[in-house]
Amino acid sequence: MIIAERKPMEEIRQLIAPYKKVLVAGCGTCVTVCWAGGEKEVAMLASQLRLARSAEGNEIVVLEATVERQCEREMVAEIKDEVAEVDAVLSLACGSGVQTMAEMFEDKPVFPGVNTTFIGMPEKEGLWVEMCGACGDCFLDRTGGVCPVVRCAKGLLNGPCGGTRKGGKCEIDPDKDCAWVLIYRRLEKQGRLDVMRKYYAPKNYRAVKRPGKVQAAKA
Amino acid sequence: MAKSFREILKTKDFVVTAECGPVKGSSVSKAVEHIELLKDKVDGLNVTDNQSSVMRYPSLGVCLLIKEHGGEPILQVTCRDRNRLALQADLLFAHSRGIGNILCLTGDSIDVGDHKEAKQVFDLDSVQLIQLVHTMNSGKDMAGNELDGGIDFCIGTTATPSADPLEPQLIKVEKKLKAGVSFIQTQAVYELDELRRFMEFVRNIDGKVKVLAGIVPVIGAKMAAYMNENVPGVFIPQRIIDELAQAPKGTGVAKGIEIAARMIRQMKEEKICDGVHIMFIGREEKVPDILGAAGLL
């Protein structure tokens, strides 16, 4: 899923400083699961904003609404009445949701309330880690299901760099595993180290022509 | 340095190279001093490429200075700052100006340097870079286009004999050897047994490649601890840290030189490797002291 983090409060307050009535719009999918922009986070942020503005004697009206997927026009259309009432929208969806909202309500300023960070998974309660770089040219068959494109700090395709720390940790972070040590161990376990010994040519970084577009195959 | 490095690798028993770290700024007088001091005492002078991801005078620039002053430059090229177009263009330029040797490296991460917000490139990795040089050596660019005037580099690379775990590192080394390199300059070596084990591995794959062991003198216990924590791929054993800690105040540099020279002598006498690569960044003027103490002058 897509992982995001809420922007710092001060930054959010600056974004909406000129407005008297705003909508905090959540998304019920990825950002709900990663605790960044679901219904709960919308309610919490809305009340924090009301309190903060009230404390400085500059009252603000904050509406709240959460749709199932903010990246789909039909679902965003469900909250058009709330949008019509406010001066600006603060979207807690991923960048894709923010843009869908902004495109649908072109006369309204729509601001991002979160920073979209990566595609990942929950490692443990409250901790998410990056797993996929959406490169459009999946390499996981050659690496025991560990992605070197994003899990190696340098995106190397032919093995570890020379900077691996003792115990197989990453050059840039002693708390992170070196992706190539993980790949080695996985392939070793499967008796497939020959796959790691092969030379891999430079990646096609244009496998997805940016901006990306995928057309479903016709049945 | 009358002979080319390629020739030296074929003919000399114990090859010695040293490293020149470019300055931060456009003033090259210090670099010229180091070149003048070292060019006739070593077989080749490496020039680092934005070493430790810290922006500096370019490797190519100092390599040209070495040529101008009659030395033999080894151009270090990392994959961190240039995509495949920029790398190829730099290689064409380097060859056209008489630079004949290249050391292909991955490069440190942007995160360890002084421009931490920069976009790091790594379009290629070091094995792919070696492959690229071979492709261009054969007269074509990476896209298969004919070059109007090709290149001809003597190709080297790096390795970390003390990596832990070692096996993934060795698979990478095997790929580099199979891609084809004439020399390896290793990361700093402090444990000779690690070097012996590494040499055995290399020799089983490639009987011809020359391995120059990396020598990084450590001049104090504090510096050693700092390097262990902050310099990627460097592991200084406690034994050496203790020896440095016991050295009387003010004698750290001399002690560091003594330890380095002792290791070099042993490497040479026991024929453990084919030479050494001395990296005394920031104290290049002391390199002749190491060479002298190791009996290499």
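With which residues is B:Ile99 in contact, leaving aside its neighbours within four places in sequence? The residues concerned are B:Cys63, B:Lys67, B:Pro73, B:Leu75 and B:Ala94, where contact denotes C-beta atoms, placed from the backbone, within 7 Å. The structure is a predicted model, in which local features need pLDDT of at least 70 and side-chain atom pairs count only at pLDDT 80 or more, while totals for chains, interfaces and linings use all residues. Residues are numbered from 1 along each chain as its sequence is written, and chains are lettered from A and ligands numbered from 1 in the order in which they are written.

B:Ile99 lies in the loop between helix 4 and strand 4 of chain B; helices (H or I, at least four residues) and strands (E, at least two) are DSSP runs, numbered from the N terminus. Because 24 C-beta neighbours lie inside 10 Å, B:Ile99 counts as buried. A residue is termed buried if 20 or more other C-beta atoms, placed from the backbone, lie within 10 Å of its own, exposed if 12 or fewer, and partly exposed in between. The C-alpha atom of B:Ile99 is separated by 23 Å from that of B:Ala143, 44 residues apart along the chain.

Chain B contains 11 helices and eight strands.

Strand 3 of chain B (residues 73-78) has six of its six residues buried, so it is largely enclosed by the rest of the structure. B:Pro73, B:Leu75 and B:Val77 point one way from this strand, whereas B:Ile74, B:Gln76 and B:Thr78 point the other way. In a regular strand the side chains alternate between the two faces of the sheet. Strand 3 of chain B pairs in the parallel sense with strand 2 (residues 44-47) of chain B over three bridges, pairing being assigned if DSSP finds at least two bridges between two strands. B:Pro73 is the bridge partner of B:Leu45. The chain passes from strand 2 to strand 3 of chain B through helix 3 (residues 59-68) in a right-handed β-α-β crossover, that is, one whose path from the first strand over the helix to the second runs clockwise with the strands pointing away from the viewer. Strand 3 of chain B also runs parallel to strand 4 (residues 101-105) of chain B, joined by five bridges, and B:Ile74 stands opposite B:Asn101. The crossover from strand 3 to strand 4 of chain B, through helix 4 (residues 84-96), is likewise right-handed.

The largest nonpolar core has 105 residues, with B:Leu75, B:Val133 and B:Ile215 making the most contacts inside it. Such a core is a set of buried Ala, Val, Leu, Ile, Met, Phe, Trp, Tyr and Cys residues joined through C-beta atoms within 7 Å. Beyond its neighbours within four places in sequence, B:Val133 is in contact with B:Leu91, B:Ile102, B:Cys104, B:Phe153 and B:Ile155. A second, separate core of 34 residues includes A:Cys71, A:Val86, A:Val89 and A:Cys94.

Between the chains, 31 residues of chain B are in contact with 26 residues of chain A. Helix 5 (126-137), strand 5 (154-159) and helix 6 (167-179) of chain B each give two or more residues to the side that touches chain A, and helix 6 of chain B gives the most, with nine residues.

Key: Contact = placed C-beta atoms within 7 Å.
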